[in-house]
Amino acid sequence: FDPNAYQVLVILPSLPPFPAGSYYDQVHTTLADLCETAGGRCQMTTVALASPDDAGDAILSVIADNASTGRYNHIIMAGDQFGPPVGAAAMQYPKVRFTVMDYAFMPPIENVEGVSFRDDEVGYLAGVVACEVAVDLTKGNEASVNAARARTVAIVAGAEEMSRTTLKRVNGFKSGCAAICSDCTVDVMFGTNAASISTKVS
């Protein structure tokens, strides 16, 4: 611990390593790379929630426990589950900067920033990653094998009635996939629970 360095705390639902190309893998890797480019002027620590399913007061407790130490200049989180707890805690720690990705704070809070992405952009990036993996897995395979099996990519998009947000992400996913793999097939499934999703996949 270098008290002269900019101390960044990253709070995530679980600790790395994460599946390659996944949301939290990209978040953690990008933040680590950014901190590393600053040399010794930035030090990053990553902690996890007690359970990936924690929400509300459980997240608020983790934020407060760490912010109250006075050790960190900046606490960064990713996911909308972190938004309300940060909103509740931030004003108690005015010297700490808070960032939550994929959440917007209205009205704004002085020491808090929300980083939001357009729904189609989020879907597009996911489609690029998924179809890059599909292409990589099928290198050297016969075209018939690729078309029939390995180059079919599935997306579980939530409830179909989730309307415009979900549909924008699905369309962005398809576009991102097509940009990487024009002959890939995107199989879109809608479901809100593990049982329905498992039935469709099987």
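**View 1. Asn111 is a buried residue, with a relative accessibility of 12%.** Here, buried denotes under 20% relative accessible area, exposed over 50%, and partly exposed in between (1.4 Å probe, protein chains only). The structure shown is a predicted model, in which local features need pLDDT of at least 70 and side-chain atom pairs count only at pLDDT 80 or more, whereas totals for chains, interfaces and linings use all residues. Residues are numbered from 1 along each chain as its sequence is written, and side-chain values use heavy atoms, with hydrogens and water left out. Asn111 belongs to the loop between β4 and β5 (112-115); helices (H or I, at least four residues) and strands (E, at least two) are DSSP runs numbered from the N terminus. The side chain of Asn111 comes to 3.1 Å from the backbone oxygen of Tyr93. Leaving aside residues up to four places away in sequence, Asn111 touches Ala90, Tyr93, Pro94, Val96, Arg97 and Phe98, a contact being heavy atoms within 4.5 Å.

**View 2. Arg97 and Glu113 form a salt bridge through their side chains, at 2.8 Å from N to O.** Because Arg97 lies in strand β4 and Glu113 in strand β5, the pair ties together parts that are 16 residues apart in sequence. A salt bridge is a side-chain nitrogen of Lys or Arg within 4 Å of a carboxyl oxygen of Asp or Glu, and by this rule the count comes to one. Arg97 is partly exposed, at 37% relative accessible area; Glu113 is also partly exposed, at 29%.

**View 3. Helix α1 spans residues 23-37.** The 15 residues of α1 reach 22 Å from the first C-alpha to the last, close to the 21 Å expected at 1.5 Å a residue; the expected span is 1.5 Å times one less than the number of residues. Tyr24, Val27, His28, Leu31 and Cys35 of α1 are buried. These residues cover an arc of only 90 degrees around the axis, which puts them on the same side of α1; the arc is that of the directions from the helix axis to the C-beta atoms. Glu36 and Thr37, on the other side of α1, are exposed. The packing partners of the buried α1 residues are β1 (6-12), β2 (42-48), β3 (74-78) and β4 (97-101). Just after the helix, Gly39 adopts a positive phi of about 65 degrees.

**View 4. Two cis peptide bonds are shown, between Pro16 and Pro17 and between Met106 and Pro107.** For the Pro16 and Pro17 bond, omega is about 10 degrees, and Pro17 is located in the loop between β1 and α1. For the Met106 and Pro107 bond, omega is about 0 degrees. Pro107 is found in the loop between β4 and β5.

**View 5. Asp102 has a phi near 65 degrees, a positive value in a residue other than glycine.** Asp102 lies in the loop between β4 and β5. With 25% relative accessibility, Asp102 counts as partly exposed.

**View 6. Confidence along the protein chain averages a pLDDT of 83.** The pLDDT is the predictor's confidence in each residue, from 0 to 100, and 83% of the residues score at least 70. Over residues 196-202 the pLDDT falls below 50. Beyond near neighbours in sequence, this stretch has seven contacts in the model.

Key
A polar contact is a pair of N or O atoms within 3.5 Å; within protein, one must be able to donate a hydrogen and the other to accept it, and residues adjacent in sequence count only if both atoms are side-chain atoms.
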